[in-house]
Amino acid sequence: MLVQDAKAIARQWVIEEAQTIPDFYAAYYAGSTTWLAENALLPATSDVDIMVVVDDPNPLEKLGKFIYRNVLLEVAYLPKDQLPSPHAILGDYHLAGSFRQPNIILDPTGQLTKLQAAVSQEYAKRHWVTRRCEQANQRVIERVQGLNPSAPLHDQITTWLFAVGGMPHVLLVAGLQNPTVRRRYLAAKELLEGYGHVDFYETLLDCLGCAQMNRQQVEDHLAALAKVFDAAKEVIKTPLFFAADISENARVVAIDGSRELIEQGYHREALFWMVATYSRCQMVLY
């Protein structure tokens, strides 16, 4: 399916479902699909992210991943007050990328469209790029400082992992690239290759602890992860924030997506999301 067709289906969901919820304000596309060409093929291991903006400081819990007309959607809710101005968006590296070009799905008041237009004009300016890099770097530091040695091992690993995994985000933000989640290391590799700094990429992998790992080791880890994932998705009950990522609908991303990277020769790059998923499964079982 083409990206533009998947987006059209996502838009239909917003029209039929999202705008009927209380305090609906607007909706926009987010995530990796906003960085793909409209006529590109949507990878089978990707979803279409939708951010539903609501006029409520305490929105509903993240709806998560689900199938709608043969497209895997991931829906989250965002309070309107987190989008107060173009400057607030420009300084937030998680938000800014979604507003660098027209990505608004539905905007009854027209205010979100005005915000997007203002952000797009300033998005690539050095001042704002530097601000977003500083924010991404500060997130790394805060996560390292927040590591609790008395917490369960899976919690410690999650904190460490997203601290280390934040370093590729600093580079991607500096390079005006998508600070993607699951494929962040591969994206950082491609960025560094483009700038002739491929040697530094090994430093990133060394910090992650997988620089010397071979494909067979990673395949063995994936086989173990698949078993744990299938066990966790059957027993999950606690409404954890990431619950939708440990589900049958999410298996194509977590397991098949990791296998796809391994088969493409990027076994080391697959490990980041494999470790994140394994730790989350352990949290569910715990």
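Predicted model: local features only at pLDDT ≥ 70, side-chain atom pairs only at ≥ 80, totals over all residues.
Trainee: Which way do β1 and β5 run, parallel or antiparallel?

Mentor: Strand β1 (residues 24–30) and β5 run antiparallel, and two bridges join them. To find the place on screen, look for Y28, which stands opposite I104 in β5.

Trainee: Now a single residue. Where is E74, and is it buried or exposed?

Mentor: E74 sits in strand β4 (residues 71–79). With a relative accessible area of 9%, E74 falls under the 20% limit and is therefore buried.

Trainee: What surrounds E74?

Mentor: Leaving out neighbours within four places in sequence, E74 is in contact with D47, V48, D49, I50, K62, G64, K65 and D245. The side chain of E74 also makes a polar contact with the side chain of K65, at 2.7 Å. Widen the view and you find a network of salt bridges that links D47, K65, E74, D245 and R280. For a sense of scale, W35 is 39 residues from E74 in sequence and 16 Å away in space, C-alpha to C-alpha.

Trainee: How many salt bridges are there by this rule?

Mentor: The count comes to 16. Let's walk through a few of them. E38 and K7 meet through their side chains, with 2.9 Å from N to O. E38 lies in the loop between β1 and β2 (48–54) and K7 in helix α1 (residues 3–16), so this pair ties together parts that are 31 residues apart in sequence. The two partners can also be read by accessibility: E38 is partly exposed at 37%, while K7 is buried at 6%.

Trainee: Which residue forms a salt bridge with E16?

Mentor: That partner is R69, and the closest N and O atoms are 3.0 Å apart. This pair links distant parts of the chain, with E16 in helix α1 and R69 in the loop between β3 and β4, 53 residues apart. E16 is partly exposed at 32%, and R69 is partly exposed at 47%.

Trainee: And what about K233?

Mentor: K233 forms a salt bridge with E234, where the closest N and O atoms are 2.9 Å apart. K233 counts as buried at 16% relative accessibility, whereas E234 is exposed at 60%.

Trainee: Let's turn to cysteines. How many disulfides does the rule give?

Mentor: A disulfide is a covalent bond between the sulfur atoms of two cysteines. In this model the count comes to zero. Take C207: the closest cysteine sulfur, in C210, is 10 Å from its own sulfur, which is too far for a bond. Seen from C210, the closest cysteine sulfur is in C207, again at 10 Å and too far.

Trainee: How accessible are C207 and C210, buried or partly exposed?

Mentor: C207 is partly exposed at 36% relative accessibility, and C210 is buried at 2%.

Trainee: How should I read a positive phi?

Mentor: Most residues other than glycine have a negative phi, and most peptide bonds are trans. Against that background, N70 has a phi near 70°, a positive value in a residue other than glycine. N70 is in the loop between β3 and β4, and it is exposed at 72% relative accessible area. L176 also has a positive phi, about 55°, although it is not a glycine. Look for L176 in the loop between α6 (166–174) and α7 (184–194), where it is partly exposed at 30%.

Trainee: One last residue, please. Where is S258 found, and which residues is it in contact with?

Mentor: S258 belongs to helix α10 (residues 251–263). At 1% relative accessibility, S258 counts as buried. Apart from neighbours within four places in sequence, S258 is in contact with R182, L222, V253, A270 and M274.

Key: Residues numbered from 1 in each chain as written. Heavy atoms only, no water. Helix = DSSP H or I, 4+ residues; strand = E, 2+ residues; numbered from the N terminus. Buried < 20%, exposed > 50% of the residue type's maximum accessible area, 1.4 Å probe, protein only. Contact = heavy atoms within 4.5 Å. Polar contact = N/O pair within 3.5 Å; in protein donor to acceptor, adjacent residues only side chain to side chain. Disulfide = S-S within 2.5 Å. Pairing = 2+ DSSP bridges. Salt bridge = Lys/Arg side-chain N within 4 Å of Asp/Glu carboxyl O.
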